[in-house]
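Biologist: I would like to learn how to read aromatic pairs and a nonpolar core. Please take me through them.

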Amino acid sequence: MCACHAHSRDNNSPPSHDQSELSEIRLDFREDMLNLREEMRDMIGDSTRSLGEISREVLSEIKEQKEVSSARDEDVKQLQSKLDSALNKLDQLLQSQELLRNRIDVMRAEVRLISQQKLTWQNTTASERTPDFLVDGVYLRTTDETINPIQDNGAGTNQVVIIDLGAFFKIQTIKIWNRLSSYKERASGLVVYADQTIIGVTSGSRDLYTVTAGREVYARRITIRQPHYNHINLREVQVFGSGPYSEEELA
């Protein structure tokens, strides 16, 4: 009897201090879990969505980004290929231009006849003998001036004939073919200019006068002037040189 009574008294006794603390800890833990659950809901969003759904969406977005990145890489490769092709064509064009420039330089360096059929002018004209006869390419060994015509600007002081070469050329030699009939002495004392530079003066009565320019004589116009009172009667004027050259090259 005494033992049973003692056991019953222990069950009805008030909870100890340790038991109260344990209960409080359990309540606090439950509250923390509830708070954590709310935070997870805020972070995840809709509570009805599972973690697997969220993971699949994330993986899908990652896949889309990879596809976009792959497409951009392909665009970059294509653009690079086009750029390489364009640069290659540009290199070929530059090489072609260099070859063409070299050929032009070779052609320009060749000394050749540069006056035939060029524009001419004289300050007066007599008997319809125009200065075009100076550059027509006809200078036969005959005194028949109907088939071997000459130019004639009549008698006067400072009579002038001019040949316009059309561009700047390096002048080497000028050949002046005199008339073969009478009055051959009219060609003596002619002053020859390359633009404003005197490059020679004829003397004596000859069939052909040759005037040689200096090493670096460039001109666009060849002028022949008779400073004394006289005619200028010539069969042909031939200008030999190389070029043409631009003004920028000669500056």
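Biologist: Is Tyr245 buried or exposed?

Modeller: Buried means under 20% relative accessible area, exposed over 50%, and partly exposed in between (1.4 Å probe, protein chains only). Tyr245 has 19% relative accessibility, so the residue counts as buried. Tyr218, at 27%, counts as partly exposed. This is a predicted model, where local features need pLDDT of at least 70 and side-chain atom pairs count only at pLDDT 80 or more, while totals for chains, interfaces and linings use all residues. Residues are numbered from 1 along each chain as its sequence is written, and side-chain values use heavy atoms, with hydrogens and water left out.

Biologist: How many aromatic pairs does the structure hold?

Modeller: A pair of aromatic rings is described by the distance of the centres and the angle of the planes. Rings of Phe, Tyr and Trp (its six-membered ring) pair if their centres lie within 6.5 Å; planes under 30 degrees apart are stacked, over 60 edge-to-face, and the rest tilted. The structure holds two such pairs. Tyr139 and Trp177 are tilted, with 4.6 Å centre to centre and 35° between the planes. Tyr218 and Tyr245 are edge-to-face, at 5.6 Å and 85°.

Biologist: Which residues have the most contacts inside the largest nonpolar core?

Modeller: Such a core is a set of buried Ala, Val, Leu, Ile, Met, Phe, Trp, Tyr and Cys residues joined through side-chain atoms within 4.5 Å. The largest one has 27 residues, and Ile171, Ile174, Ile222 and Leu234 have the most contacts inside it.
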